[in-house]
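I opened my notebook and went through this structure piece by piece. Here is what I looked up.

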Amino acid sequence: FVGFEGGEEDTNELIGECRPCGEISEDGTNCDEEGVSIEFMKIMDGFWRSSNSSTDVRRCPVEDACVSGNATATTNQYCREGHEGPYCLVCQLGYAADLGGLCEKCEERTGSVVLFLVLVVVGGIGVFLFDTYIYSQYKTQLRGFKTAARILFVADQILAGFPSIIPQIELPTSFLATMRVFNFLKLDFAGLLSLGCLGGFNFHSKLVVFTIMPVVVCGCVHAGGRVTGRRSVAETANLVILYAMLPAVSMAIFGAFPCDVFDTEERHLIADYSINCGDSSYSVFAVYAGVMVVVYPVGVPLLFFYLLWRKRAKIKVGVEERATDADLFGIEFLFDSYEPAYWYFEVVITVMRLLMTGVLAQIEPGGSSQLFAGVLMTSVSVVVILRFRPFVSAKDNWLAASSYAQLFLVLQCSL
């Protein structure tokens with residue numbers, strides 16, 4: 001039991017009473033000590049409250065950031081070293097969040113940043129050499145491998161984002177640890193490059209970087225294609241860049257809207273709890289994000305559809321015939337995995353990815369309806385794949401259905 005104390009000016013109707021700890025939080029409190037008051041009530045690992053008089057005990061989205069304690073001076077005493085603020089999700093000066101949301105000292109992340117940049121350079125050279133000397137000569141033989149790799153990339157990218165998209169997801173610790181291996185697929189360059197170590201860098205800064213980066217990268221690739229005379233390769237590369245980055249960019253855009261309300265009546269941005277939703281900067285960037293919704297979550301699928309629509313007559317011929325059509329080089333990434341009758345299906349896949357990432361993050365964040373919506377989306381995706389069987393290879397149809405079924409089961413198990 002926990003007792004409620006108060007001064008003469010306190011209006012809490014529970015003052016002077018003792019209530020079971022379970023009424024405050026079933027798992028987040030410990031009242032084993034006799035005579036414990038609400039002020040000194042111990043908060044368990046993975047939980048947080050706004051003040052030492054608050055009865056609103058909440059589970060932390062990043063449980064390792066919240067440590068047990070009975071804070072009497074500041075709620076930051078509930079937080080792991082380097083963390084502060086609501087849910088202990090704000091990194092202190094000199095710290096930056098990694099891909100799992102934990103704040104690490106900036107000097108300790110220098111090695112990982114250098115490694116990431118080296119991998120980007122080596123990976124870019126590898127992709128160029130692969131396309132030039134291998135893929136162009138063995139395109140037919142490698143089509144199945146490329147399609148399978150894309151299917152697994154899509155599924156694992158969505159899976160890696162679930163813990164941040166659906167804060168209340170509850171899964172075994174060992175499984176969550178395995179999921180963190182795929183965190184790099186979220187393409188969160190702010191975390192990979194430790195941009196949080198830059199003074200003043202917050203979610204709004206990240207939003208600007210994420211929305212400008214695809215334009216800059218695609219512009220450089222396009223310019224390189226014109227200089228080298230490999231325009232079709234550049235066009236394909238730009239489509240791959242947009243395809244890979246769209247979920248991450250869309251999540252950043254949609255993240256500019258939802259706020260979390262606390263018992264102190266303060267409202268903080270869920271994507272960055274250092275941002276107060278009552279500040280004018282919140283309104284300014286919400287307008288900016290609204291414009292970017294048209295550019296990316298709406299504009300990119302429309303671009304894909306336009307590129308396919310204008311060449312649909314040539315795409316709808318036989319698989320082998322269209323593979324040698326020079327007029328289709330540059331956009332084959334969007335259709336070569338699908339049957340001619342389903343020339344448009346990449347747009348369907350793109351919309352499903354957006355629904356299960358950016359859109360899902362907007363549905364009552366942290367609420368049970370968000371989890372149910374995720375279960376519905378993944379189950380519909382399985383049905384769509386099995387109903388239409390759009391891929392050229394039967395194995396790819398089963399692989400895609402199995403991948404979405406995996407996502408469905410992960411969400412189902414956490415209900």
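Is C88 buried or exposed? I found a relative accessibility of 0%, so C88 counts as buried. Buried means under 20% relative accessible area, exposed means over 50%, and partly exposed lies in between (1.4 Å probe, protein chains only).

A note on the source: I am reading a predicted model, in which local features need pLDDT of at least 70, side-chain atom pairs count only at pLDDT 80 or more, and totals for chains, interfaces and linings use all residues. Residues are numbered from 1 along each chain as its sequence is written, and side-chain values use heavy atoms, with hydrogens and water left out.

**Entry 1: positive phi**

I placed C88 in the loop between β7 (83-84) and β8 (90-91). Helices (H or I, at least four residues) and strands (E, at least two) are DSSP runs, numbered from the N terminus. The phi of C88 is near 60°, a positive value in a residue other than glycine. Most residues other than glycine have a negative phi. I then turned to R389, in the loop between α11 (368-388) and α12. Its phi is also positive, near 45°. R389 has a relative accessible area of 38%, so I logged it as partly exposed.

**Entry 2: helix α5**

I checked α5, which covers residues 203-228. Its 26 residues reach 37 Å from first C-alpha to last, close to the 38 Å expected at 1.5 Å a residue. The expected span is 1.5 Å times one less than the number of residues. At the start of α5, a side-chain oxygen of N202 comes to within 3.1 Å of the backbone nitrogen of H204. I found a kink of about 30° at I212, shortly before P214. A bend is the angle between axes fitted to the seven residues ending at a residue and the seven starting there. The buried residues of α5 include F203, H204, L207, F210 and P214. Just after α5, G229 takes a positive phi of about 80°.

**Entry 3: helix α7**

I did the same for α7 (residues 280-309). Its 30 residues should span 44 Å at 1.5 Å a residue, and the end C-alpha atoms are 42 Å apart, which agrees. α7 bends by about 50° at G299. A proline, P301, follows within four residues.

**Entry 4: K146**

I looked up K146 in helix α2. Its relative accessible area is 18%, so K146 is buried. Its side chain makes a polar contact with the side chain of D336, at 2.4 Å. A polar contact is a pair of N or O atoms within 3.5 Å; within protein, one must be able to donate a hydrogen and the other to accept it, and residues adjacent in sequence count only if both atoms are side-chain atoms.

How many cavities of 30 Å³ or more does a search of the whole structure find? It finds two. A cavity is a set of points, on a 1 Å grid over the protein atoms alone, where a 1.4 Å probe fits but cannot get out; lining residues have an atom within 4 Å of a point. I took the second largest cavity, with a volume of about 90 Å³. Among its lining residues are R150, Y243, E346 and Y404. The largest share of that lining, four residues, comes from α2.

I followed up Y243, in helix α6 (residues 231-254). At 5% relative accessibility, Y243 counts as buried. Y243 and V300 are 57 residues apart in sequence and 8.6 Å apart in space, C-alpha to C-alpha.

Conventions
On a 1 Å grid over the protein atoms alone, a cavity is a set of points where a 1.4 Å probe fits but cannot get out, and a pocket is an open set with protein on both sides within 12 Å along at least five of seven lines; lining residues have an atom within 4 Å of a point. Grid points are joined across faces, edges and corners, and a volume is the space filled by probe spheres set on the points.
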